[in-house]
Amino acid sequence: MKSFLLDIKKNPGIYLILLPVLIWFIIFAYLPMFGLVMAFENYTPKGGFFGSQFVGFKHFADFFGSVYFGRLIRNTLLISLLNLLFNFPATIILALLLNEVKNKVFKKTLQTVSYLPYFISLVIVCGLIATFTASDGPITELIVGLGGKRQNYLGQPEYFRTIYILSDMWQGLGFGSIIYLAALSGIDQELYEAASLDGAGHIQQLIHVTLPGISTTIITLLILRMGTLFAVGYEKIILLYSTNTYETADVISSYVYRKGLQEFNYSYSSAVGLFNSVINTTLLVASNKLSKKFTETSLF
Amino acid sequence: MKTRKIWALTLVLALLIGAMGGVTGSFSAKAEEITFPLAEPITLTAWRVAATSDPKLGITTYNDIEAVQAWEKATNVHIEWQIPPSGQEQENFNLMIASGDYPDLIFDVAQYYVGGLDKAISDGVIVPLNDYMDNRLSDYNALISRNETVYKDCKTDEGNFPAVYFINTPDQGPWYGMAIRQDWLDELGLAAPVTYDDWHTVLKAFKDKYGSKSPLWLNYHAGDVFSVFSAGYGVSVLGASGAGFINVDGTVKYSPIEDGYRDYITMLHEWYEEGLIDPDFYSNTTATYIPPDDLWATGNAGAWPDIYTLLDIRPYMGADENNKDMNVVPIAAPVRNEGDTLHLRQYNFTRGTNACAISTACKNPELAAAYLNLGSKQEYAWLAYYGVEGDTYNVVDGKPVYTDKILHNPDGLSASDAMTKFCFRSAGMYIWDRELQTAGPKALSAINDIWPSNADGNYMMPNITMTSDEANRYSVLMGDISTFVEENTTKFILGSRDLSEWDSYVQSVKSMGVEEAVSLQQAALDRFNGR
Amino acid sequence: MKIKASPSRIAFLIFNYCFLTLLGLAFIVPVWHVVMASFSDAAKLTSHTGIVWWPLGDMNLGGYRIVLSSPSIGTGYANTAFYVIVGTTISMVLTIMGAYALSRKTMKYRNVFMLFISFTMLFNGGMIPTYMVVKNVVHMYDTRWAVIVPTAISVFNLIILRTGFQQVPESLIESAKLDGAHEWTIMFRIIVPLSKATIAVIILYYAVGLWNSWFPAMIYLKGRDKYPLQLILREILLLNDTGVMTTSADAVKNVQLERNLVKYCTIIVSTVPIMCFYPFIQKYFTKGVMIGAVKG
């Protein structure tokens, strides 16, 4: 405590700047957390947060005891990991490729075009996906033309993840690469000049100048992504899945959503949310630690 | 900002006047008669789902509707509406309840209050209306006393009258059933199919002659929302009213594990193989009641479950050039053997799920009850459902008949849009048959003759309610069971799971606790029957 | 200074242009489909399968007429403009302050605060408790602030910005300090100008987020006169929802020929203005921003 006060004394300006931000977090982020007690009770509006019946870990037990628990965890993790594996590098690669383009008009056009899909609402995007991959959709026609089978691709469990991830890529690639473009623009041009004077080729420049220049951004984003590994949003899933694809498509959030439809059960969804948070925290802290050890970049 | 202040002022004034009225005894004393229009204007607040989200109607709040304005004039009661954004009604309702800040009147309460209206009463959100039934709500009381079923439907397990329901007046026939392309039958020289075997022949002919992708359309639960098509097998499908549960003479059964369900699925599996049902049926989860436009409008479907008012207008709803002359007619649901009587169909529910309750925050429940009673008086109900006499309707032979402002709207609105724009629905008498004025001949024969001809709704589950503990347990059980049944139904039909595994499927459903879920439904049904 | 291109470099460049062009086509074709569909004839659109390359039937503005005839669309645009401009400003000020303070290595306990902030990214109280705080603690219910303030800081953006700030050489700050500059001055005179590109991105993130935001408005606003555009458009989109029907009349109302068309028009109406914003941001992505600042 004493050293804390000393720190304030040493950096009064910084603390003064931080203060409003901290107040915001206390009011809008920490104060509502008392609501987490819901996960341990049968919450009713009348009883409120502190007067509802306390049930301990019952909702957690219900969730863990579900016959689908294993499948939900598997699907959630797989979709999330595959998404990370393909889409995370893809945004970086797009940024790097764009960075190599010298023609300004071409570059600007492509940037703008690539970020258009981000603005189409999910409902429409999912509608397009369903139309395009139906048994007579344009994408299916393309596949049939290449010698593939005519079928409703979205309805096949083995293709669900592919479609989910590719469409995510289509929608988020351009928008996601913007942050790297910004980071790339911050690299000191003198470094490139120095490297090329040393006789470094383009590949070497990429390895020794470009990548180190954006590595902090990459690692920060990667750590942040690790913290959301268990959070696959339900909206897109429920818009895309069907009874035939449950086995690969049903994730924790869509499962909770379906439950919520039958009975608006705050407590149950709080419990599942809390479970998600705990796992995500573990992942975030672990990846932060690893990163600190190997790259010297870390969040905290 | 400014208008809000004015409202606030009005409210304060109204309360003051109300309080003063109390002193002089104009309506707070129990015996006093409350007559409308009130001597002094008063304002009540009310939560209600939007009348429409269609921008072309220009209605953002109920007070924009002429009939509502007429009601206000006739009652001297001004309503300040709280209207949730469309599509977010449940969230908005939950927040309103959770915040403890209730308006005087809560419409649509039965639909959105999780856990049922007994719970809403014990949670202290709404007041039971029992004390007002004989006086303030006497007309409503008379309305629901017209027969025992209605009365039972409007009462809760614990004997409360929780809200003023919308009572179907008169009784309603089935507005949902099977429909078929008569023009195709004629061209092929086929008679209307009766048994499932006949249907098979007809659908096959549709497929061969017209190359239909989906001669028969069924929704993604392999059926329809009132189990009309599966009724011949005596089973209800998931996603239908009752969610697979049926009431066989007072005993609850879960259809998806019955032998009839197996036979039904077996038939559909064969039909799927022959291309007689939509090969992608399981993937369209948005079309539940009626087929999507790209199937029926393009000659890709020849038979489907439909809504009676749509039969006559199908050709004008976007059918493409080749199908401009389609003739869609209602047809009785298929049976296994000629002469069978079916027990599942769209049921003559005596009331809708809509209801209006008085909240515990209401300062003057006596007045609110008297106000809600008005909807059960014919003159006020007509004012709501038919609008202003001479403007939107005239009385012909003692019956209200819409004028051309509704039926052939000069601004080109359809009749149903015009009804939404100029009229509204009041709690009490729900005059659903006003829409028959816009219905064509096929619609009338469907609802009156053809769809009820070989079916009654005796197996349909009535409006039961569970206690909150029961409901919690039920949701935990059924969440998993429904997923499993949905998934396996699709697999059996597609053939990715073989029907020889039926017994092990039934075992799995049982091991997931379906018997407990049935017993919860049974308990609720027993209580209902004992009301 | 011109580097002579090697054959492999040329091969790469050719590949790069071809690949990016194909990618660009993949992005643009479905968007093109949406735009063309929005000008199509409603009936033709319904029975059409495949990509719409050109408006079906006669070029048609019927869908736009329906969307734009909504009585609240004008106020919707105005409200959204307010939320985007004021909201982004508030968000940026708070985020810059947080990111700056937490990027300063002289602060011994910054990791504790970092943890304090990161924690909220993972745990939150949920909708109802937050609602109660907004309503009963800060009394913002049914005010425009409720749309902006409770979601003002995104931890994700704060962390990205902090990472950006950390790239600024410590030596610059030190020398400014020796010149007697206050923290406030360092923040706005040195750090912020040097991180223009990242700040531009964060502005874009916040502005786009606020533009598309409807959930807080749905929860916290009672008065429809404060509704943002997206909430109004969502209601229009719902025309196409079958939802729960209790009577046959409801069902008929839901059967609207124009529903597909309206969907596409809604997309155009709701996205074109915010897309026009992008080029203003894009110009900050030019190289050499840093160098100029350091040298100047």
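## Confidence in chain B

For reference, pLDDT is the predictor's confidence in each residue, from 0 to 100, while helices (H or I, at least four residues) and strands (E, at least two) are DSSP runs numbered from the N terminus. Over residues 1-5 of chain B the pLDDT is below 50, with zero contacts in the model beyond near neighbours in sequence. Residues 9-29 of chain B are also below 50, but that stretch has 22 such contacts. A contact here means two residues whose C-beta atoms, placed from the backbone, lie within 7 Å. Taken as a whole, chain B has a mean pLDDT of 87, and 94% of its residues reach 70 or more.

This is a predicted model: local features need pLDDT of at least 70 and side-chain atom pairs count only at pLDDT 80 or more, whereas totals for chains, interfaces and linings use all residues. Residues are numbered from 1 along each chain as its sequence is written, and chains are lettered from A and ligands numbered from 1 in the order in which they are written.

## The six-stranded sheet of chain B

Chain B has an open sheet of six strands in the order β2-β1-β3-β10-β4-β13, with mixed pairing. Strands count as paired if DSSP finds at least two bridges between them. At the edges stand β2 (77-82) and β13 (428-430) of chain B, each with a single partner strand, so one side of each is left without a neighbour in the sheet. Neighbouring strands are turned by 25° against each other on average, direction ignored. The axes behind such angles are lines fitted to C-alpha atoms, for helices over the stretch in contact, and angles run from 0 to 180 degrees between N-to-C directions.

B:N168 has B:Y430 as its bridge partner in β13(B). Helix α12 (residues 365-373) of chain B packs on the sheet, where it touches β1 (42-47), β2, β3 (105-107), β4 and β10 (351-358) of chain B. The direction of α12 makes about 150° with that of β10(B).

## Two hairpins

Now for the hairpins. Strands β6 (residues 245-248) and β7 (residues 251-254) of chain B run antiparallel and are joined by four bridges. B:I246 stands opposite B:K253 in β7(B). Two residues lie between these strands, and B:D249 in the turn has a positive phi of about 50°.

Further along, β11 (residues 393-396) and β12 (residues 399-402) of chain B are antiparallel too, with four bridges. B:V396 is paired with B:K399 in β12(B). This hairpin has two residues between its strands, and B:D397 takes a positive phi near 55°.

## A buried alanine in a loop

B:A240 sits in the loop between α9 (196-210) and β6 of chain B. Why does B:A240 count as buried? Because it has 25 C-beta neighbours inside 10 Å; the cut-off for buried is 20 or more other C-beta atoms within 10 Å, with 12 or fewer for exposed and partly exposed in between, using C-beta atoms placed from the backbone.

Leaving out residues up to four places away in sequence, B:A240 touches B:H221, B:G223, B:D224, B:V225, B:F226 and B:S227. B:G223 is 17 residues from B:A240 in sequence and 8.0 Å away in space, C-alpha to C-alpha.

## Nonpolar cores

The largest nonpolar core has 226 residues, and those with the most contacts inside it are B:A67, B:V109, B:I126, B:A163, B:A355 and B:C356. Helix α11 (residues 196-212) of chain C gives the most to this core, 13 residues. Such a core is a set of buried Ala, Val, Leu, Ile, Met, Phe, Trp, Tyr and Cys residues joined through C-beta atoms within 7 Å.

Leaving aside neighbours within four places in sequence, B:V109 is in contact with B:L117, B:A120, B:I126, B:A163, B:A355, B:C356 and B:A357. Another core lies apart, with 86 residues, among them B:I277, B:A301, B:L342 and B:Y347.

## Where chain B meets chain C

This contact takes 38 residues from chain B and 35 residues from chain C. On the chain B side, α3 (89-99), α11 (293-296), β10 and α15 (415-422) each supply at least two residues. The largest share, four residues, comes from α3(B).

The chain B side that touches chain C divides into 13 nonpolar, 19 polar and six charged residues.

How values were computed. Nonpolar A, V, L, I, M, F, W, Y, C, P; charged D, E, K, R; others polar.
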